[in-house]
Each structure stands twice: as C-alpha cells, then as structure tokens.
2 protein chains.
Amino acid sequence: MNELPKIGCYKFLVEPFHCDFSKRLFLGHLGNHLLNAADFHSNDRGYGMNYLHTVNKTWVLSRLTIEMSEYPLAYETINIETWLKSVMRYFTGRNFKITNEQGNTLGYGKSVWAMIDVETRQPVNLLDVCNGIISTFIDKEKECNIDKLSRVQVSETASLVRSIDTHYSDVDMNGHINSIKYIEHVLDLWSVDWYQQHTIKRIDVAYVAESHQGDQLNFYLEPFTSAQESEHYSVRITKVNSHEAETEVCRCAVYFLK
Amino acid sequence: MNELPKIGCYKFLVEPFHCDFSKRLFLGHLGNHLLNAADFHSNDRGYGMNYLHTVNKTWVLSRLTIEMSEYPLAYETINIETWLKSVMRYFTGRNFKITNEQGNTLGYGKSVWAMIDVETRQPVNLLDVCNGIISTFIDKEKECNIDKLSRVQVSETASLVRSIDTHYSDVDMNGHINSIKYIEHVLDLWSVDWYQQHTIKRIDVAYVAESHQGDQLNFYLEPFTSAQESEHYSVRITKVNSHEAETEVCRCAVYFLK
C-alpha cells in the first residue's frame with residue numbers, strides 16, 4: 001500500500017537563465033516546473049510515466065491554466081504543491097499551488113490529463129490502471145483559489161499573425177512538440193517593449209492535437225476584451241504539413257495586466 | 001578570507017522535458033547547466049554577477065566548448081565540477097567536468113570569459129576586482145581531458161541556410177539574446193531524422209557580439225570535413241536590424257559522430 005500523502009511538494013530554484021529581462025521567471029519555465037511536479041508526484045505514487053511506459057500507456061496533457069499574482073525573482077526558490085482534484089473515467093484534474101520561500105502564495109495552476117494507449121492512441125479508463133490506485137489520492141479540500149479552467153474560444157475571424165517551422169529542440173521524449181513550447185511561442189507574439197508595460201496575469205491552454213517536427217505552426221490572434229487595466233487575447237495554433245489538411249493543435253487565452 | 005575550495009561541484013537533475021526524442025539531455029540544456037555552475041561558483045566566491053551588478057560590471061561569455069562521450073538520460077542526476085584554469089588581465093579560462101551518479105565522466109567543457117563595465121561596455125582588468133581575489137582560486141592541475149578551444153573558422157563562402165526572428169523568450173536578464181539560444185538554433189539546423197543517425201561529439205562556440213530582441217539572425221552553414229565516422233560543420237550567425245549593417249554575432253563548429 002502506498003503511504004505517501006495526497007499532496008506532493010517540490011522545490012525549484014529560479015535559475016538565472018530562466019528569467020526574462022525583468023529578472024523574473026519566464027512563465028514557460030514555470031509551466032515546465034509544473035509539469036515536472038506533476039511527473040514526480042505521479043511517478044512517486046505509482047501511476048507516473050515511468051510505470052505507464054512499461055504497459056504502453058502515457059499521460060496526455062489536455063488543459064493547463066496558470067494564474068499568477070507575482071512572479072519569483074532569479075535565485076529565489078519556489079515550492080510547487082500538486083494534488084489530484086478529481087478522477088473521472090477518462091480525465092483527471094490536477095491542481096497546483098506555487099509559493100515562495102516565505103510561504104507567500106505566488107499563484108495557482110489547474111490542469112486536466114487523459115491517459116492513452118501508445119499503440120492505439122485510444123483513451124484508457126483511469127480506474128483500470130493499477131487497480132484504481134489513483135482514486136485513493138484525490139484531495140477535494142485543498143484550496144486552488146482561481147477561476148475554473150475556461151473553454152478558450154477563438155473565432156474564425158482571428159488573424160494569422162505568425163508562421164514558424166518546428167525543429168529538433170521543440171520535440172520532447174514522446175516525439176511530439178513539447179507542450180511548453182506552444183506557450184513560449186504564443187507569449188513571443190508580444191515584444192519585450194510590450195512586457196515592459198504588461199504582466200501576464202493568466203494563461204489558459206487547451207491542447208487539441210499533437211504536432212511533430214517539420215510541421216509548420218500558424219498563429220491566429222484575436223483581441224478579445226480590453227479594459228482600463230487589463231487586456232485579453234486568444235490565440236489559435238494550427239499545424240500545416242504535406243500529408244494532412246490544416247489542423248488545430250492548441251488554443252490559448254492570455255490575460256495581461258497593465 | 002574566502003575559504004571555499006577552488007573547485008565547485010553542483011548537482012543537476014536531468015529533467016524529463018529537457019530531453020530529446022532519445023530521452024537524453026539536450027546539449028543546450030546541458031550548456032545552461034554549465035552556465036549555472038559557473039554562476040554559482042563565482043557568486044559563492046565573491047566575484048559573481050550578484051556582486052558585479054553592484055559595481056556596474058558583468059561577466060561576458062567569449063568562448064564555450066563542450067565535448068561529450070555520453071549524454072545522461074532523463075531522471076539521472078549529473079555533477080558538474082567547475083574551476084578557473086587561468087586568469088589574465090582581460091580574460092579568465094573556466095573548465096568543467098561532467099560526471100554521472102556512478103562517477104563516470106560524461107564529458108568536459110572549456111570556456112573563456114571577459115568582464116566589462118556595463119556603462120562603458122569596455123573590458124575591465126580582472127585583477128582590479130575584489131583586490132584580485134579571483135587569482136587565488138586558479139587550479140592548473142585539475143584535468144580537463146579534451147582538445148583546447150578551437151578558433152572556429154567559417155569561410156565567406158558559407159551558405160545562408162536559415163533566417164529567424166528573435167523574440168521575448170530569447171532575451172536574458174542582461175537584455176541580450178541568451179547565449180544558449182544560439183546553440184539551440186544552430187543544432188536546429190539538423191532534423192530529428194539526422195539526430196537519429198548522429199550524435200553531437202563536440203561544439204565550439206565563439207561569441208563575437210551581442211544581439212537584441214527584434215534582430216533577425218542569419219545562419220550560414222559550411223560543411224567542413226566528412227569522414228567515415230564523423231562530420232564537421234561550421235556555422236556563422238549574423239544579426240540584421242534597421243540601424244546597423246549585417247554583423248557577425250557568433251561562430252560555431254559542430255562535430256557529429258555517426
């Protein structure tokens with residue numbers, strides 16, 4: 001019987017070369033730390049990638065939301081707590097809480113994951129894996145004090161603002177474009193000048209399909225709402241390659257504070 | 001008086017999302033770990049960025065060579081030892097040794113650094129900083145078992161093979177394009193298919209000038225020598241922007257084993 005607590009806590013150093021011009025952690029690198037925390041937490045409890053690969057299954061990230069009230073500075077350490085909020089047949093909800101060394105809350109994250117069979121690419125019933133051990137780790141009480149995952153809508157009138165090629169460095173161990181790379185590419189739609197005036201309050205990402213090295217990625221931008229102190233944009237990413245029609249791979253909503 | 005040993009040793013986890021399709025650490029992320037080790041080592045000993053920023057000075061990376069006999073796998077930890085090999089007036093040589101958990105040597109690194117005044121951009125005499133404390137940390141004995149830094153030559157006939165724009169994510173805390181990003185962009189000149197047949201034995205990088213977000217980077221490739229079991233390429237990177245002529249920013253030599 002696995003005696004680990006439901007909530008895992010992992011410490012990360014804010015590395016200097018993972019910080020932007022303002023000396024604060026890039027949101028993409030923070031996202032990578034969240035994925036690490038999720039990975040360590042599930043591996044430690046027996047239903048992580050390390051076990052799943054032995055039975056030809058894998059976790060697939062479906063949704064990710066990060067909302068920050070403050071970004072940590074270079075050389076600080078942060079703690080990321082993560083826990084399972086819910087388990088349904090085909091999806092599990094995983095939450096995150098990010099705190100600094102003094103215990104102050106910097107932000108939260110929410111995510112949704114599916115499990116698939118790597119051969120058939122079909123979803124797997126989560127309760128069939130490891131005798132349903134995953135459901136013994138659900139914590140419904142732990143607070144995750146941000147709005148729920150949003151649907152991320154991008155209308156057909158969004159404008160094509162950038163096309164990029166995908167390369168060797170973009171590809172992860174599963175052979176797909178790394179989930180965090182989409183976030184970096186989306187945030188790169190705005191310049192350093194923009195980030196001198198705006199901070200990212202929140203990002204919602206819906207992962208729709210996988211892309212591979214060689215695919216061209218198209219970015220369609222839609223200004224959503226603009227208010228005195230905030231601006232909200234949506235972005236659709238599609239892939240284009242020689243053997244299929246243009247296909248949506250990802251949708252993002254980005255909320256900036258001025 | 002600073003009582004720390006001349007050689008610093010820093011442990012890094014090979015994070016799963018820092019690994020390529022073969023589940024081995026990307027050379028770019030390894031390079032980032034080397035820069036971290038250099039940064040920690042010099043900060044701990046009083047002549048790092050943390051002190052230098054208080055006196056308007058900074059370290060500038062001039063050369064970096066990494067040569068690997070084996071790349072660590074995801075979830076392994078590696079130790080990076082680093083030490084100063086030499087200090088001259090305007091340059092210091094810093095070496096690296098990379099070992100795995102079992103103590104086996106995976107590879108080595110060599111680097112050359114200058115110190116500049118951040119206002120005037122002029123070089124600073126290293127022996128004038130902190131009463132020359134830096135020269136008390138030189139270790140000439142510690143083995144760094146690879147060929148010396150090479151000059152990296154790229155002829156004028158090298159072919160323009162890619163042009164890319166630079167974005168927010170490329171910029172480091174100094175406001176320049178991150179040194180490691182050049183390595184990633186260079187290695188991205190080859191495809192995943194190529195890396196399924198070749199491993200990177202060695203890379204030599206000469207950093208010539210700084211580039212900034214908004215600059216376009218041009219990559220000029222020259223096949224140098226090709227042998228039964230190895231291939232050697234050189235790459236020149238230039239920057240293009242609206243206010244200066246095309247300028248060389250970086251030269252790389254990449255040695256592949258088949």
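Student: Which residues of chain A does UniProt list for "domain: Acyl-ACP thioesterase-like C-terminal"?
Tutor: The unreviewed UniProt entry gives residues 157-243 of chain A for that domain. Keep in mind that the structure here is a predicted model. In the model, residues 157-243 of chain A are 45% strand and 17% helix.

Student: Which residues of chain A does the "domain: Acyl-ACP thioesterase N-terminal hotdog" annotation cover?
Tutor: According to UniProt, again in an unreviewed entry, that annotation covers residues 11-128 of chain A. Residues 11-128 of chain A are 41% strand and 19% helix, with the end C-alpha atoms 32 Å apart.

Student: How should I read a sheet?
Tutor: The general idea is that strands of a sheet pair through backbone hydrogen bonds, either parallel or antiparallel. In chain B, 10 strands form an open sheet, and the pairing is antiparallel. Follow the order β1-β3-β4-β5-β2-β7-β10-β9-β8-β6 across chain B. Each of the edge strands of chain B, β1 (8-13) and β6 (159-165), has a single partner strand, so one side of each has no neighbour in the sheet. From one strand to the next, the twist averages 25 degrees.

Student: How many bridges pair β1(B) with strand β3 of chain B?
Tutor: There are six bridges, and the two strands run in the antiparallel sense; β3 of chain B spans residues 77-87.

Student: Which strands of chain B pair with β10(B) in the antiparallel sense?
Tutor: One is strand β7 (residues 199-207) of chain B, which pairs with strand β10 (residues 244-257) over eight bridges. There, Asp204(B) stands opposite Ala253(B). Another is strand β9 (residues 230-241) of chain B, which pairs with β10(B) over 11 bridges. Ser230(B) has Leu257(B) of β10(B) as its bridge partner. A hairpin of two residues connects β9(B) to β10(B).

Student: Now for charged pairs. How many salt bridges does the structure hold over all chains?
Tutor: Over all chains, there are 20 salt bridges. One to look up is Glu67(A) with Arg202(A), whose closest N and O atoms are 2.8 Å apart. This pair links distant parts of the chain, 135 residues apart: Glu67(A) sits in strand β2 (residues 57-68) of chain A, and Arg202(A) in strand β7 (residues 199-207) of chain A.

Student: How do I judge where two chains meet?
Tutor: The size of an interface is often given as the accessible area lost when the parts come together. Between chain A and chain B, the buried area is about 3700 Å², and carbon and sulfur atoms give 59% of that. On the chain A side, Phe17(A), Tyr168(A) and Met173(A) lose the most area to chain B, together 26% of what that side buries. The contact takes 37 residues from chain A and 37 residues from chain B. As for salt bridges between chain A and chain B, the count is zero.

Student: What rotation superposes chain A on chain B?
Tutor: A rotation of 180 degrees does, with 0.0 Å of shift along its axis and an RMSD of 0.0 Å. The two copies are therefore related as by a two-fold rotation axis. The same surface serves both copies, with 100% of the contact residues of chain A recurring in chain B. Within chain A, Ile164(A) comes closest to the rotation axis, its C-alpha being at 4.5 Å.

Terms used. Residues are numbered from 1 along each chain as its sequence is written. Chains are lettered from A and ligands numbered from 1 in the order in which they are written. This is a predicted model: local features need pLDDT of at least 70, side-chain atom pairs count only at pLDDT 80 or more; totals for chains, interfaces and linings use all residues. Side-chain values use heavy atoms; hydrogens and water are left out. Copies are superposed by least squares on the C-alpha atoms of residues with pLDDT of at least 70 in both. Contact means heavy atoms within 4.5 Å. UniProt positions are given in the numbering used here, feature names are shortened, and annotations may be inferred rather than shown by experiment. Helices (H or I, at least four residues) and strands (E, at least two) are DSSP runs, numbered from the N terminus. Two strands pair if DSSP finds at least two bridges between them. Axes are lines fitted to C-alpha atoms, for helices over the stretch in contact, and angles run from 0 to 180 degrees between N-to-C directions. Buried area is the accessible area (1.4 Å probe) that two parts lose on being put together, summed over both. A salt bridge is a side-chain nitrogen of Lys or Arg within 4 Å of a carboxyl oxygen of Asp or Glu.
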